[in-house]
Amino acid sequence: MALVAGIDSSTQSCKVVIRDADTGQLVRQGRASHPDGTEIHPDRWWEALQEAIAQAGGLDDVAAVSVAGQQHGMVCLDSDGQVVRPALLWNDTRSAVAAEKLVKTAGDGDALAGARYWAEATGTVPVASLTLTKLQWLADNEPENASRVAAVCLPHDWLTWRLQGYGPGSGEAGLKALTTDRSDASGTGYFSTAEGKYLPEVLSASLGHVPVLPRVLGPLEAAGTSAAGSLLAAGAGDNAAAALGAGAQLGDVVMSLGTSGTVFAVSETPAADASGLVAGFADAAGHYLPLVCTLNATRIFDATAALLDVDLAGFNELALSAEPGAGGLTLVPYFDGERTPNLPDANGSLHGITRANYTPANLARAAVEGVVCSLADGLAALQEQGVVARRVLLVGGGAQSPAVQEAAAQLLGLPVSVPRPGEYVADGAARQAAAALNGQFPAWVPDAVDHSLQKDDGGVLARYRRFAALHT
């Protein structure tokens, strides 16, 4: 029985799952926390990885390993392989001004023209999360550190590199051994997703020079071997790995309900959205992964449950007890502003209140429907980019809510499947490790509960969009 390991190095923690390469059966697992913050020294990731590996019983009997990681994080190395400064993570917003500068400069002062340039060149309009904007910030604010940058990589790239035995003292030969994959490279801002190549002129204009960049591996290509002799797969960005872990295929849309919401699709064609709503990423299996992010998801449920003085189980019972449409009550859930649509200063709003419909059950139902309708807008943004959507895979903590599942089947206009809860990112990395080992992706994917497409007889989505439009 060959074993494979999947690693998920996320913002909050590092998780390791070890599975049977043929059946996907979980053999053992481990977990370790990362420090809080938006800036972290990569050594903390390495320490957490060692702890998680130890909890999982080690990797000595593992034939192949793959690392999936948080996207966009800026890891800068000097000519000796030393980390130049702590990594800036995707959620570090100090580079917001740099992002605006990049867009305006590309358009000769015209932000709309600049956005079109970036969408066509890379698939994604620069925002603070992208690696490129952080490099621009580094050049503008820490020029001495910027001048020391001999190589730039991403969190999953750096961990794969360290597992091969490279690190401080590796020198130029070590830097040239850095690898990445299309999915993570596509989130940097200096990689053309459509053409599958780096854009060195973009780096030269922002950082001031072109550093060593990781070699981009194909989906089944290996990065090398670990110090323990395990095959190291290409690895992936976290969303691409989650798509593998959930078993997403062409035509599938993965809708994730966590603290925020994410909607992404496995597509045959790349996206290039000049509005900036859709990020034109690549996936980990040779296709594309256009992605939309919303800011408000399960936090809306938490806030409404607290207002109604019930726990989440009671909140779900209330929502299920109300009729679809919540008696005409409509919640626009922009509690923390919104990303899709791009309304950072917006607030939430409640519409259609009458004495008859203003009940705890209807308020709970309106909260669920508002979040699902918001995600439906994300789905619509993907479809406007040419995504062919045949099924929705509902994942994340919020996906386990029966009220959410019912509302999704009624409001999304597509059949809905809810995969068994799991560590989708780590499981996707394990699938990739098995693919690198055996030359093809294994068939094992989580079981799912299917919900048939239902009609939105009450026009809930249309009513929601009418009220949401008042915020624009």
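**View 1. Tyr-117 and its aromatic partner Trp-118.** Tyr-117 is partly exposed because its relative accessible area is 33%; buried means under 20% relative accessible area, exposed over 50%, and partly exposed in between, with a 1.4 Å probe and protein chains only. Trp-118 has a relative accessibility of 4% and therefore counts as buried. The model is predicted, so local features need pLDDT of at least 70 and side-chain atom pairs count only at pLDDT 80 or more, whereas totals for chains, interfaces and linings use all residues. Residues are numbered from 1 along each chain as its sequence is written, and side-chain values use heavy atoms, with hydrogens and water left out.

The structure holds six aromatic pairs. In one of them, the ring centres of Tyr-117 and Trp-118 are 5.1 Å apart and the planes stand at 75°, so this pair is edge-to-face. Rings of Phe, Tyr and Trp (its six-membered ring) pair if their centres lie within 6.5 Å; planes under 30 degrees apart count as stacked, over 60 as edge-to-face and the rest as tilted.

**View 2. The stacked pair of Trp-161 and Tyr-166.** The centres of these two rings are 6.1 Å apart, with 15° between the planes. Trp-161 is buried because its relative accessibility is 1%, whereas Tyr-166 is partly exposed at 30%.

**View 3. An aromatic cluster.** Tyr-190, Phe-191 and Tyr-198 together form one cluster.

**View 4. Arginine charges over aromatic rings.** Arg-182 lies over the face of Tyr-288, at 5.3 Å from the ring centre. The charged end of Arg-466 is placed over the ring of Phe-467, 5.1 Å from its centre. A charge sits over a ring if NZ of Lys or CZ of Arg is within 6 Å of the ring centre and within 35 degrees of the ring normal.

**View 5. Backbone at His-72, Asp-108 and Pro-341.** Most residues other than glycine have a negative phi, and most peptide bonds are trans. His-72, which is not a glycine, has a positive phi of about 75°. This residue is in the loop between strand E5 (64-69) and strand E6 (75-77); helices (H or I, at least four residues) and strands (E, at least two) are DSSP runs, numbered from the N terminus. His-72 is buried, with a relative accessible area of 9%. Asp-108, also not a glycine, has a positive phi of about 55° and is found between helix H2 (96-106) and helix H3 (111-122). At 77% relative accessibility, Asp-108 is exposed. A cis peptide bond, with omega about 5°, joins Thr-340 and Pro-341.
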